[in-house]
Amino acid sequence: MKYTNNQQKMEVEHVLINDTYFKHPNSLVESERIGKKTRIWAFAHVLPGAVIGENCNINDHTFIENDVIIGNNVTIKSGVYIWDGVRLADNVFIGPNVTFTNDLQPRSKQYPESFEKTVVEEGASIGANSTIIAGNRIGKYAMIGAGSVVTKDVPDHSLWYGNPARMKGYVCACGEKLLSDYTCCRCNRRYKLVESGVCII
């Protein structure tokens, strides 16, 4: 296979670090705790204390602060800033320009003893331009619609959108909205109601 000059240049510019993960030469990666096959693209900045799992995709113009833990297979689209106290579990999707907060009473040059913890559980998806207020939990495989403002905990497999975001139903692990009997019309999975939301039967 023949490459153009531009293709060859791209291959050279995407540097393989320690034979484990990729970082673009225009990114700034200060952490040494980054998993295999993770890709960190241009103009991303990862601070020294951050922990990032395997096979993640960190898109352009992202910022990841120190007290942040990101699981495996996480996708973070462009323009996302992840502040101290945020925890992203495996297989989470964070859409472009999602905003996290970590201080409920912010003042310039006044810092809390500890920042609020925000947890996004396994498989959850957060749509573009959503705002996640500090201290809340987004449950497993939950779906947050684009432009939403999340002000409270979100149950597992639930669908939320709006400002403030409100619950609009339940979603399957595949992303399809569940029918009224808690079945999925796409993959035929069946669910039942539990205290934390719904779970597969």
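Thr-38 counts as buried because its relative accessibility is 0%; buried here means under 20% relative accessible area, exposed over 50%, and partly exposed in between, with a 1.4 Å probe and protein chains only. Keep in mind that this is a predicted model, where local features need pLDDT of at least 70, side-chain atom pairs count only at pLDDT 80 or more, and totals for chains, interfaces and linings use all residues. Residues are numbered from 1 along each chain as its sequence is written, and side-chain values use heavy atoms, with hydrogens and water left out.

Thr-38 sits in the loop between strand 3 (28–29) and strand 4 (39–40). Strands (E, at least two residues) are DSSP runs numbered from the N terminus. A polar atom of the Thr-38 side chain lies 2.6 Å from the backbone oxygen of Gly-53.

Lys-37 is in that loop between strand 3 and strand 4 too, but Lys-37 is exposed, at 59% relative accessible area. From the C-alpha of Lys-37 to that of His-61, 24 residues away along the chain, the separation is 20 Å.

Here are the contacts (heavy atoms within 4.5 Å), leaving out residues up to four places away in sequence:

| Residue | Contacts |
|---|---|
| Thr-38 | Thr-20, Tyr-21, Phe-22, Ile-52, Gly-53, Glu-54, Asn-55, Cys-56 |
| Lys-37 | Thr-20, Tyr-21, Asn-55, Cys-56 |

Now for a hairpin: 2 residues join strand 21 to strand 22. Strand 21 (residues 158–162) and strand 22 (residues 165–170) pair in the antiparallel sense over 5 bridges, where pairing takes at least two DSSP bridges between two strands. Tyr-161 has Arg-166 of strand 22 as its bridge partner.

How values were computed:
Helix = DSSP H or I, 4+ residues; strand = E, 2+ residues; numbered from the N terminus. Polar contact = N/O pair within 3.5 Å; in protein donor to acceptor, adjacent residues only side chain to side chain.
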